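Q: I am new to this structure and would like to go through it with you. Could we begin with the aromatic residues?

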Amino acid sequence: MANLTSMSGFLLMGFSDDHKLQILHALLFLMIYLLALTGNLLIITITTLDHHLHSPMYYFLKHLSLLDLCFISVTVPQSIANSLMNNGYISLGQCILQVFFFIALASSEVAILTVMSYDRYVAICQPLQYETIMDPWACREAVIAVWVTGGLSGLTHTAINFSVPLCGDRVIHQFFCDVPQMLKLACSYEFINEIAVAAFTTSTAFFCLISILLSYTRIFSAVLRIPSAQGRTKVFSTCLPHLLVVTFFLSAAGFEFLRPPSDSQSAMDFMFSIFYTVVPPTLNPVIYSLRNKAMKAALRKVLSKEEFAQRKKYFKALFQL
């Protein structure tokens, strides 16, 4: 610890000091990471290869999977490596990059979920104007705005967190460079730093949450007017998974970022951090696939022997050109 305070890096405390428990944590995280990797890559592959899924809804879903893939890759591999090597050290440069990409991707995920809710609102409440409003150019612009918004948010948070000198034992009671924990390490730590970061995060998330709630309020009021029970079931099957993802992600992240930072981390704090860093990227592919007949049909088609042979023949002919 004495050597660490004189260095520019940080010590990530992780879940336990027991090396056997650290190895167990690494194995569990590795399994979860591989599951998230497989699920999100499958969605990206399916929505790219199957022309039946070339619609705005699946276009946004593909970018959500890409965001989830990047989001979980920011924190989990580093945590696995630290646990296996029994070394929680992370350099200043690595921590800065981790904070930037973590905040940027989290903000982009909130933004893409907002766009997806608007897409469902237009599809259900304004079906005759859907193709006009959600044309390919509008979808591309929305996705560009999502990534740009995330990047600006990441830059803002990174600049605020690392704009003041850090003092004392550079110990972070988390398995990654967590923003609330970083604020406690500032030499001139004042509430204005926390307020600035929390206000920016809260206002952005609140705007997205209000937009999502307004979209779903109109969606559910329109669904209740559908005379057919089968029609209502079909609409709910596409909307409820998205609403579940939004609620789960924003509630866990909101609890972690809005609560006042404490001097020590409890097991509950670690659990909430897992709920918004690890669980959503892993469950999103499952939630969106299990209740979506088009996705399940496309998955069976992609994994079928005939489709595999056809793709193999196509790429073989392509490489011979």
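A: F29, F71, F102, F175 and F176 form one aromatic cluster; rings of Phe, Tyr and Trp (its six-membered ring) pair if their centres lie within 6.5 Å. This is a predicted model, where local features need pLDDT of at least 70, side-chain atom pairs count only at pLDDT 80 or more, and totals for chains, interfaces and linings use all residues. Residues are numbered from 1 along each chain as its sequence is written, and side-chain values use heavy atoms, with hydrogens and water left out.

Q: How many aromatic pairs does the structure hold?

A: The structure holds 8 aromatic pairs. F29 and F175 make an edge-to-face pair, 5.5 Å centre to centre with 85° between the planes; planes over 60 degrees apart count as edge-to-face, under 30 as stacked and the rest as tilted.

Q: Where do F29 and F175 sit in the chain?

A: F29 is in helix α2, while F175 is in the loop between β3 (171–172) and α7 (179–183), 146 residues apart. Helices (H or I, at least four residues) and strands (E, at least two) are DSSP runs, numbered from the N terminus.

Q: Are F29 and F175 buried or exposed?

A: Both F29 and F175 are buried, meaning under 20% relative accessible area, with exposed over 50% and partly exposed in between (1.4 Å probe, protein chains only).

Q: Why is the pair of F100 and F101 edge-to-face?

A: Their ring centres are 5.0 Å apart and their planes are at 70°, so the pair is edge-to-face. F101 is partly exposed, with a relative accessible area of 40%.
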